[in-house]
Amino acid sequence: MLFLRPTESAIVFLQQLGRGLRLCRGKSCLTVLDFIGQAHRSFRFDLRYSALLGGTRDQLEQQIKEGFPFLPAGCSLQLDRVSSERVLANLRESLPTRRPQLLAEARRLRRCSLAGLLEGLGMELGEFYKVAGSWALLQRELGWLAAGATTGDEERLGRGIASGLLHLDDPERLRWLVDQLQRAIAPHPAGFEPETERSWRMLMAQLWGSGRQHLPLAEALVRLWAAADLRAELVELFALLLERTDHLVAPLDWGRADPPPIPLKLHGRYSRAEVFAAFGLLKEARPFPGREGVFFDEATQCDVFFITLKKSERLFSPTTRYNDVAISPWEFHWESQSLTREASATGQRYIHHHERGSRVMLFVREENKRGGVTLPFLGLGFADYVSHEGERPMAIRWRLQRAIPAAFVPELALAV
């Protein structure tokens, strides 16, 4: 049951619901009765509610479980217990969850593009890659690409694509990658400008990994170009991500005429390894960026914070489960590392960063993993010190130089 005040936004919201509803008009509200019965197994509740609420299927499932907390002002959506259970069960059963099911559905649709397959199945990219592993290798298994033995490099690249590249959302970066990856010959790092080199290292870190299996950049590029089918998959995937970008990113304002060669954007999503690579800190001499929640880049005099809002007891010890929360679209409450004192060099740099010419940059995500996939961080840009309380840790209030857009309110669990 959905209750709406008779405002213009409520009427627009109502129109998005589509057919199958009854509308009752009262003096103070509009009441919509949507009777949920035993629908046919092929009926897709996820498509209906996603058109209404937006977001991924995981986010939709969370909204249903929590009672739809992010509806427009003046609107409330209520499902009784039985209806909620039926909708949630439908979400779990409506898509292929095993590779044989996916292969059968793909054969039914016949040869098509990645976008065409997703549309035909009603799947999201993350759902597809969780089952398929690799679009190129799936096509090979279907007979849509020339048959051949899958190499170890292709398997490794397929895992990197599925787990590390679906969050890319910078249109300029995506266009550049689509262009570069279609070149006949692998580029050589000897001719790279600093920003170009860092952009390639960001991609290679996601594809090949940034730990002990890290490859030198020149070798990583040559081996990627040798895996032609996987490179074609990247081109198709990045073109699709470019088409689906749903929010704006903007250049970081470093406040100087010659900004550093750091290929990051305000309100873009990045992994920790990508951020390290963008700052020039991930290379052959230092292949693993580490897991610390903060680092200070000497070259740019910039403190970078990686903030996870929901702390897991399994992943965070009691001394690292800090009280970090977005207070408003403009302000963020953050707790320093557990041993940081107000009088320490680090504490003083935080407090007096403006006078000393250093900067503070925030990267935030709601939780570490969702659906078994590590989540990227959202770049909130630069922030200015406002005040602090206590020490070990210091509880600091930061004011963002650019407000958090409304589109990210559900993602950051921000109450506004």
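Predicted model: local features only at pLDDT ≥ 70, side-chain atom pairs only at ≥ 80, totals over all residues.
**Group meeting: a helix pair and a pocket**

I'll start with two helices, α12, residues 217-226, and α13, residues 228-244: their axes come within 5 Å and cross at roughly 95°.

Which residues make the contact between α12 and α13? From α12 we have L224, W225 and A226, and they meet A228, R231 and L234 of α13. By class, the contact of α12 with α13 has 5 nonpolar residues, 1 charged and no polar.

Next, the second largest pocket. Its space comes to about 360 Å³. The lining is made of 18 residues, and those nearest the centre of the pocket are E172, E195, I262, P263 and K265. Two helices give two or more residues each to that lining, namely α10, 171-181, and α11, 194-208. The largest share is that of α11, with 4 residues.

Last, confidence. How high is the mean pLDDT of the protein? It is 84, with 79% of the residues reaching 70 or more. One is residues 1-6, for which the model has 34 contacts beyond four places in sequence. The other is residues 313-321, where the model has 9 such contacts beyond four places in sequence, again with pLDDT under 50.

Notes
Residues numbered from 1 in each chain as written. Heavy atoms only, no water. Axes fitted to C-alpha atoms, helices over the stretch in contact; angles between N-to-C directions. Contact = heavy atoms within 4.5 Å. Nonpolar A, V, L, I, M, F, W, Y, C, P; charged D, E, K, R; others polar. 1 Å grid on protein atoms, 1.4 Å probe; cavity = no way out; pocket = protein on both sides within 12 Å on 5 of 7 lines; lining within 4 Å. Points joined across faces, edges and corners; volume = space filled by probe spheres on them. pLDDT = per-residue confidence, 0-100.
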